[in-house]
Amino acid sequence: MVTFLGTSYAARKGLHIRMSILNDALRGKPQKLLALFVSLVTACIMLYLAWLSFRYVRRVGTLHRVSPILQFPLHYVWSVVPVGFALTGVQYFLTFFRNLKSGDVWVSYYVKDELLDPGEMAAKKEGN
């Protein structure tokens, strides 16, 4: 549960691990286009995975599978997977629209992409 709901939280806060070498090498319009592309593709993938996992959970529900010890319906437990994927997809769509309407590059709806060297990061961390 923590993994799939945490994914949405990390997307909201811009905390996902990113391969930013290409992003850091680009400036201006190419960097903006890359941010738009990445957020849109990621949102679509997350929503597709939400749909697939929803179908799976629905199938498990029709089979009436239960946990061996507690006899608790497994589709209740597994329903967090499509919810987590859907919430993550929504966060990436929000990031896409934020990048679409803003002049800056954003890694999430609330976090702007900033290139900081390690010294600046340490100073910023000490200031907070």
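Figure 1. Tyr56 counts as partly exposed because its relative accessibility is 46%, a value in between the limits of 20% for buried and 50% for exposed. The model shown here and in the other views is predicted. The Tyr56–Trp78 pair is tilted, with 5.8 Å from centre to centre and 35° between the planes. The pair links distant parts of the chain, with Tyr56 in helix α3 and Trp78 in helix α4, 22 residues apart. Trp78 has a relative accessible area of 27% and is therefore partly exposed.

Figure 2. His64 is not a glycine, yet its phi is positive, near 55°. The relative accessibility of His64 is 65%, so this residue counts as exposed. Gln71, which is not a glycine either, has a positive phi of about 60°.

Figure 3. Ser53 is part of helix α3. Ser53 counts as buried because its relative accessibility is 10%, and buried means under 20%. With residues up to four places away in sequence not counted, Ser53 touches Val81, Pro82 and Phe85.

**Figure 4. Leu47 and the residues it meets across the sequence.** Leu47 also belongs to helix α3. Its relative accessibility is 34%, so Leu47 counts as partly exposed. Leaving aside neighbours within four places in sequence, Leu47 is in contact with Ala86, Gly89 and Phe93. The C-alpha atoms of Leu47 and Thr88 are 8.0 Å apart in space, while the two residues are 41 residues apart in sequence.

Figure 5. Phe93, Phe96 and Phe97 are linked into a cluster by ring pairs. Arg98 is shown with two aromatic rings. Its charged end sits over the ring of Trp106, at 3.9 Å from the ring centre. Arg98 also lies over the face of Tyr109, where the distance to the ring centre is 4.7 Å.

**Figure 6. The second largest pocket and its lining.** The volume of the second largest pocket is about 410 Å³. Its lining comprises 23 residues. Arg18, Val38, Ser39, Tyr92 and Val107 lie nearest the centre of the pocket. Two or more lining residues come from each of the elements α1 (2-13), α2 (21-25), α3 (29-63) and α5 (80-101). Helix α3 gives the most, with five residues. By residue class, the lining divides into 13 nonpolar, eight polar and two charged residues.

Note on methods: Residues are numbered from 1 along each chain as its sequence is written. This is a predicted model: local features need pLDDT of at least 70, side-chain atom pairs count only at pLDDT 80 or more; totals for chains, interfaces and linings use all residues. Side-chain values use heavy atoms; hydrogens and water are left out. On a 1 Å grid over the protein atoms alone, a cavity is a set of points where a 1.4 Å probe fits but cannot get out, and a pocket is an open set with protein on both sides within 12 Å along at least five of seven lines; lining residues have an atom within 4 Å of a point. Grid points are joined across faces, edges and corners, and a volume is the space filled by probe spheres set on the points. Helices (H or I, at least four residues) and strands (E, at least two) are DSSP runs, numbered from the N terminus. Ala, Val, Leu, Ile, Met, Phe, Trp, Tyr, Cys and Pro count as nonpolar, Asp, Glu, Lys and Arg as charged, and the others, Gly among them, as polar. Buried means under 20% relative accessible area, exposed over 50%, partly exposed in between (1.4 Å probe, protein chains only). Rings of Phe, Tyr and Trp (its six-membered ring) pair if their centres lie within 6.5 Å; planes under 30 degrees apart count as stacked, over 60 as edge-to-face and the rest as tilted. A charge sits over a ring if NZ of Lys or CZ of Arg is within 6 Å of the ring centre and within 35 degrees of the ring normal. Contact means heavy atoms within 4.5 Å.
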